[in-house]
Amino acid sequence: MVRCSCVWFRKYGNFIDNLRIFTRGGSGGMGYPRLGGEGGKGGDVWVVAHKRMTLKQLKDKYPQKRFVAGEGANSRVSALKGSKGKDCEIPVPVGISVTDENGKVIGELNKEKDRILVAEGGLGGKLLTNFLPLKGQKRVIRLDLKLIADIGLVGFPNAGKSSLLSQISHAKPAIADYAFTTLKPELGKIMYNDFKQISVADLPGLIEGAHMNKGMGHKFLKHIERTRQLLFVVDIFGFQLSSQTQYRSAFETIILLIKELELYKEELQRKPALLAVNKMDLPGAQDKFHILMHQLQNPKDFLHLFEKNMIPKRTMEFQHIIPISATTGEGIDELKNYIRKSLDEHANQEDDACHKKQLLNLQISNTVSYSEPPPESPVTSPR
């Protein structure tokens with residue numbers, strides 16, 4: 001058992017999705033008491049997002065994981081105002097959440113060139129500090145990567161997510177006939193004829209108990225927070241992790257996936273979702289698909305199959321249910337069209353909601369301005 005977990009760690013170790021680093025702002029420069037000169041402020045430490053950066057590259061380039069900004073220049077006769085110390089910039093990938101040692105979120109970097117101040121430089125010596133410089137801020141921070149994608153693939157191991165990603169995009173994920181083929185997130189892009197691009201993230205497979213950090217646990221679930229919509233991928237013939245675990249039908253798989261999302265963070269259930277039912281090319285798949293559709297249309301009639309603690313508080317309504325075969329390509333074009341349609345519809349809804357909010361704010365602003373009494377005009381006496 002121990003040997004197996006070590007192999008797992010080595011394989012997953014090639015991909016880093018969190019990093020703990022030390023940062024310190026630069027000390028200020030000395031003041032010049034006799035002439036009232038002011039020392040330069042110490043440099044600041046910034047975290048800056050770059051598209052072609054990974055946390056592994058950051059760790060390899062800076063193995064000490066220490067980032068210290070430059071010191072402010074001392075005040076002198078030729079330059080009474082000392083120059084500011086050199087800032088230190090930490091290059092990180094887009095999609096980073098920055099937290100302090102206590103887990104408090106300092107900020108997020110969601111697009112290239114976003115930047116967050118994490119350690120401020122100390123003040124230079126001046127009258128207020130008796131011309132003595134102050135030290136820079138020390139801070140241990142945590143960089144936590146959460147992928148940003150339009151679509152996040154959700155499914156138990158061996159559901160065919162990697163095969164599906166290779167079918168709908170130019171990504172080339174590892175594909176094999178064993179559980180947990182995906183040991184790190186894979187990103188692909190669906191390319192449409194009109195040059196529209198939609199990003200898809202294939203994430204490490206969930207297992208029952210993922211919310212308690214079993215298996216890939218939080219390594220998977222945290223990434224799904226940063227996807228706009230979810231695409232559930234299930235094997236029409238169900239799932240069984242090993243001979244020691246219980247077999248789950250396709251319907252049971254869907255319910256358990258929803259429950260895992262709920263137990264980790266209920267907001268995930270509110271994301272728009274589609275369902276791709278995979279392996280429809282195999283014998284007997286059509287009969288099982290009809291049974292699954294009946295179960296999904298009448299879920300309450302089948303909840304007796306589950307223990308009470310396995311039933312989600314609310315079920316997710318799939319906008320589209322598409323039978324596919326990631327092996328033969330059956331239903332793939334239809335799935336790509338539904339993905340785009342769903343994203344476009346919700347983008348329009350978000351735009352409408354934004355316009356309504358702006359209109360409401362404008363109406364409120366006008367109401368307030370009309371309700372205010374006009375200012376009294378000054379009375380001037382004739383000369």
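A salt bridge here is a side-chain nitrogen of Lys or Arg within 4 Å of a carboxyl oxygen of Asp or Glu. The model is predicted, so local features need pLDDT of at least 70 and side-chain atom pairs count only at pLDDT 80 or more, while totals for chains, interfaces and linings use all residues. Residues are numbered from 1 along each chain as its sequence is written, and side-chain values use heavy atoms, with hydrogens and water left out. A search of the whole structure finds 16 salt bridges.

**Stop one.** Select D60 and K56. Their closest N and O atoms are 3.1 Å apart. Both residues sit in helix α2 (residues 55-61), four residues apart, about one turn of the helix. Helices (H or I, at least four residues) and strands (E, at least two) are DSSP runs, numbered from the N terminus. K56 is partly exposed, at 31% relative accessibility. Buried means under 20% relative accessible area, exposed over 50%, and partly exposed in between (1.4 Å probe, protein chains only).

**Stop two.** Select K146 and E225. This salt bridge has its closest N and O atoms 3.8 Å apart. K146 lies in the loop between β8 (138-145) and β9 (149-154), and E225 in the loop between α4 (217-224) and β12 (227-235), so the pair ties together parts 79 residues apart in sequence. K146 is buried at 14%; E225 is buried at 19%.

**Stop three.** Select K313 and E266. Their salt bridge has closest N and O atoms 3.2 Å apart. K313 is exposed at 67%, whereas E266 is partly exposed at 33%.

**Last stop.** Select K41, D44, K84 and D87. Salt bridges that share partners join these residues into one network.
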